[in-house]
Amino acid sequence: VEEAWATNGQLISSVISWWYGEDGHFFWVIRFPGSTNAWVYDATEKFWHERADLVTSAFAGYRAAFHTYIPEWTNGGLNGIHVVGDATSAKVYIMSSTFYDDVSTDTKRIRVAPYIYAGGNKRVYCDRLDLDAGTGLIASGSAPTVDLEWSTDNGLTWSTPESASLGTHNQTNVRLFWIAQGSGETSMMPRLSVTSQAAVTLIDLEGEVSYGTS
């Protein structure tokens, strides 16, 4: 995180920072003006993640620049509302974990799993990858998909995505898996992404892995 902050061309003194609590978590948002992404620390789970807006198919600066919480306001059953100000306009928005869109556009969620590492002169093979996820969560319409990509060069390049369905409305028994996932010299790293306006719950990822000589 410190390395990323040091190389983004922005001074720490220029950041806009705010915190909020939601669903039992406390988040610290750090936004560098002019940067594509904001850094967010989940103080409850003790890990970092990044946030940005999705414009067409590319990430752009995180829209939410300012925040306040108004306990007296209610909206759609919400008791108290988080309000955020747009960095590039005079608009304000309601922010809630119960909204799965970004101002009526898609959101893209990306999760990179740890390395599958063989070490030495061994080669790593992945015969199958199973994803435990919430399925059938979309209210209506076509099913969102999870895209799986692999990197065998420490995240520098990624393979062509392979998709698996998260199921249509109430299709809760869908199984998500990928077979014959190839091999890498000493290591492989999987990346999952979902682009949609539906709820996304990724729970666990399990692979059938074996090792051989290069």
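Strands are DSSP runs of at least two residues, numbered from the N terminus. In the predicted model described here, the chain has 18 strands together with 1 helix. The C-alpha trace spans about 60 × 45 × 30 Å along its principal axes. Of the 214 residues in the chain, 34% are buried. Among contacts with a separation of 6 or more, 59% are between residues 24 or more positions apart. The accessible surface of the chain amounts to about 12600 Å², and carbon and sulfur atoms contribute 52% of this area.

A patch of negative charge on the surface is formed by Asp 127, Asp 132, Asp 204, Glu 206 and Glu 208. Two elements, β12 (122-133) and β18 (202-213), each give two or more residues to this patch. The most is given by β18, which supplies 3 residues. Glu 208 is located in strand β18.

Asn 121 is placed in the loop between β11 (116-117) and β12. The relative accessible area of Asn 121 is 67%, so this residue is exposed. Asn 121 and Thr 213 are 92 residues apart along the chain, while their C-alpha atoms are separated by 6.3 Å.

The surface also holds a nonpolar patch, made up of Trp 19, Phe 26 and Trp 28, whose accessible area together is about 380 Å². Trp 19 belongs to strand β1, which covers residues 16-22. This tryptophan, Trp 19, counts as exposed because its relative accessibility is 56%.

Salt bridges were examined next. Side chains of opposite charge can pair when their charged atoms come close. The count of salt bridges comes to 5. A network of salt bridges links Asp 53, Arg 63, Asp 86 and Asp 102. Between Asp 53 and Arg 63, the closest N and O atoms of the salt bridge are 3.2 Å apart. This pair connects distant parts of the chain, 10 residues apart, with Asp 53 in strand β5 (residues 53-55) and Arg 63 in the loop between β6 (58-60) and β7 (64-75). Asp 53 has a relative accessibility of 6% and therefore counts as buried, whereas Arg 63, at 24%, counts as partly exposed.

A salt bridge also joins Asp 86 to Arg 63, with the closest N and O atoms 3.5 Å apart. Because Asp 86 lies in strand β8 (residues 78-86) and Arg 63 in the loop between β6 and β7, this pair ties together parts that are 23 residues apart in sequence. Asp 86 is buried, its relative accessible area being 7%.

In the salt bridge of Asp 102 with Arg 63, the closest N and O atoms are 3.7 Å apart. Asp 102 is found in the loop between β9 (92-95) and β10 (107-112), and Arg 63 in the loop between β6 and β7, so parts that are 39 residues apart in sequence are tied together by this pair. The relative accessible area of Asp 102 is 16%, and this residue is therefore buried.

How values were computed
Residues numbered from 1 in each chain as written. Predicted model: local features only at pLDDT ≥ 70, side-chain atom pairs only at ≥ 80, totals over all residues. Heavy atoms only, no water. Helix = DSSP H or I, 4+ residues; strand = E, 2+ residues; numbered from the N terminus. Buried < 20%, exposed > 50% of the residue type's maximum accessible area, 1.4 Å probe, protein only. Contact = heavy atoms within 4.5 Å. Areas by Shrake-Rupley, 256 points an atom, 1.4 Å probe, with all protein chains shown as cover. Patch = residues over 30% accessible without salt bridge, like charges linked within 9 Å, V, L, I, M, F, W, Y side chains within 5 Å. Salt bridge = Lys/Arg side-chain N within 4 Å of Asp/Glu carboxyl O. Lys, Arg positive; Asp, Glu negative; His and termini not counted. Charge placed at Lys NZ, Arg CZ, Asp CG, Glu CD.
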